[in-house]
Amino acid sequence: MELQESLRKIIHVDMDAFYASVEQKDNPELRGKPIAVGGGSSRGVVAAASYEARKFGVRSAMSGYLAKKKCPELIFVRPRFERYREVSYQIRKIFLDYTDLVEPLSLDEAYLDVTINKKGNPSATMIAKEIRQRIFETTGLTASAGISINKFIAKVASDYNKPNGQKTVNPDEVLEFLENLAIGKFYGVGKVTQEKMYQLGIFTGADLKAKSVEYLTEHFGKSGAYYYHVVRGIHNSAVKPDRIVKSVGTEHTFFENLVSEVFMIEKLDDISKELDKRLKKKKIAGKTITLKIKYSDFTVQTRSKTLPYYISDRALIMETVKELLYQEKIKDSVRLLGISLANLNNEEKDGEKKKEVAVQLRFDF
């Protein structure tokens, strides 16, 4: 059997249409209606869509103009990220009642390693069900879950019975599950890669499995080895509760393009205030300041400067941002500006690594 010798019990919890669901929960008038969180103008972008809107083909990252064209009844709601973080924190507290091995991927999804858990429950399937029920009772929102032997399969499985469902892939079902899976369902296979795989005659996991590692590396570079292993159920990445933040940033897309540096400074000052809040909350500082500029033709330019010392002070950050803005003439009107801080002072300290728990192949899921 082509599986790793040491198996774990991993749950991937994914909230259902999180931002949109929070808005519908907080505002009863929006319930049952197609809504999109984001901007509805020609400049706006959909950050999240309710399931009612998804039926019309509305998706995240879609322009507000196209979304409205697909669904004329679509209601646009401005995002409230502080509220989403508040709800996310409530959900995170529930996770930590079961295990300290929680790896958040974003505000609305996380991996949990429940191989050994605080409840002493041998069934990861029952734990996932209990967590989803508690999330609903606490927040009024639904979540979906995937349960399996590693993070890759758990994430794929969490999308299987959405919304408000779960899917368990037991150890002895893994290989068959992966072989029957459409290649577009593999986590890490985007639209471009999917199209390339189609051209190579790869439509399912079984087709992928039939290719040698040399063949896959030749056509997909370093990702080839990743595809070769995951289709065989091999994915040894551990759930990492203390993911090291490598950069902290904030950016804004504007409803109207900016053409004057004076207006840009005004917007960057607002962006720096948000960044300042995040830096204070995380209690970190950095040395590298990056200014991100997206022009009206969607080309992106970044300008960076690394200082000899750590900073987190907003005034000092803005001083450098202004310098970066004026270092070169703006080539076109601007639709997005962002500021980020990297080269942070939160590098991982030396210490003992936690021992991984080896688990027998057969155990209750």
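**Exercise 1. Which residues in helix 1 meet which residues in helix 4?** Find them, then describe how the two helices are arranged.

*Solution.* Keep in mind as you work that this is a predicted model.

Step 1. Start on the helix 1 side, where Phe18, Tyr19, Val22, Glu23 and Asp26 make the contact. Their partners in helix 4 are Phe81, Arg83, Tyr84, Val87, Ser88 and Ile91.

Step 2. Sort these residues by class. The contact of helix 1 with helix 4 has 7 nonpolar, 1 polar and 3 charged residues.

Step 3. Now look at the geometry. Two packed helices are described by the angle between their axes and the distance between the axes. Here helix 1 and helix 4 (residues 81-96) have axes that come within 10 Å and cross at roughly 95°. Angles of 65 to 115 degrees count as roughly perpendicular, so helix 1 is roughly perpendicular to helix 4.

**Exercise 2. Is Ser21 buried or exposed?** Locate the residue first, then decide.

*Solution.* 

Step 1. Ser21 sits in helix 1, which covers residues 18-26.

Step 2. Apply the cut-off: buried means under 20% relative accessible area. Ser21 has 17%, so this serine is buried.

Step 3. Check its surroundings. Once neighbours within four places in sequence are set aside, Ser21 contacts Asp16 and Leu141.

**Exercise 3. Describe the open sheet with the order 3-2-4, and find the helix that packs on it.**

*Solution.* 

Step 1. This open sheet has 3 strands, and its pairing is mixed. Strand 3 (46-49) and strand 4 (75-77) are at the edges; each has a single partner strand, so one side of each lacks a neighbour in the sheet.

Step 2. On average, neighbouring strands here are turned by 30° against each other, direction ignored.

Step 3. Take one pair in detail. Strand 2 and strand 4 run parallel and are joined by 3 bridges. Ala36 stands opposite Phe76 in strand 4.

Step 4. Helix 1 packs on this sheet and touches strand 2, strand 3 and strand 4. The direction of helix 1 makes about 110° with that of strand 2.

**Exercise 4. Which residues of the largest nonpolar core touch the most other members?** Trace the elements that build this core too.

*Solution.* 

Step 1. In soluble globular proteins, nonpolar side chains tend to be buried together. The largest nonpolar core in this model has 32 residues, and Ile11, Phe18, Phe95, Leu112, Ile131 and Ile135 touch the most other members.

Step 2. Several elements give two or more residues to this core, including helix 1, helix 4, strand 1 (10-15), strand 6 (109-113) and helix 5 (124-139).

Step 3. Zoom in on Ile11. Beyond its neighbours within four places in sequence, Ile11 has contacts that include Leu112, Ile127, Ala145, Ile147 and Ala154.

Step 4. Another core, of 27 residues, lies apart from the largest one; among its members are Ile265, Ile289, Ile330 and Val334.

**Exercise 5. Inspect the backbone at Lys283, Phe298 and Pro163.**

*Solution.* 

Step 1. Lys283 is in the loop between helix 12 and strand 10. Its phi is near 55°, a positive value in a residue other than glycine. Exposed means over 50%; Lys283 has a relative accessible area of 74%, so this lysine is exposed.

Step 2. Phe298 lies in the loop between strand 10 and strand 11. This residue is not a glycine, yet its phi is positive, at about 75°. With 52% relative accessibility, Phe298 counts as exposed.

Step 3. Pro163 belongs to the loop between helix 6 (151-158) and strand 8 (166-168). The peptide bond from Lys162 to Pro163 is cis, with omega near -10°.

Note on methods
Residues are numbered from 1 along each chain as its sequence is written. This is a predicted model: local features need pLDDT of at least 70, side-chain atom pairs count only at pLDDT 80 or more; totals for chains, interfaces and linings use all residues. Side-chain values use heavy atoms; hydrogens and water are left out. Helices (H or I, at least four residues) and strands (E, at least two) are DSSP runs, numbered from the N terminus. Buried means under 20% relative accessible area, exposed over 50%, partly exposed in between (1.4 Å probe, protein chains only). Contact means heavy atoms within 4.5 Å. Axes are lines fitted to C-alpha atoms, for helices over the stretch in contact, and angles run from 0 to 180 degrees between N-to-C directions. Angles under 35 degrees count as roughly parallel, over 145 as roughly antiparallel, 65 to 115 as roughly perpendicular and the rest as oblique. Ala, Val, Leu, Ile, Met, Phe, Trp, Tyr, Cys and Pro count as nonpolar, Asp, Glu, Lys and Arg as charged, and the others, Gly among them, as polar. A nonpolar core is a set of buried Ala, Val, Leu, Ile, Met, Phe, Trp, Tyr and Cys residues joined through side-chain atoms within 4.5 Å. Two strands pair if DSSP finds at least two bridges between them.
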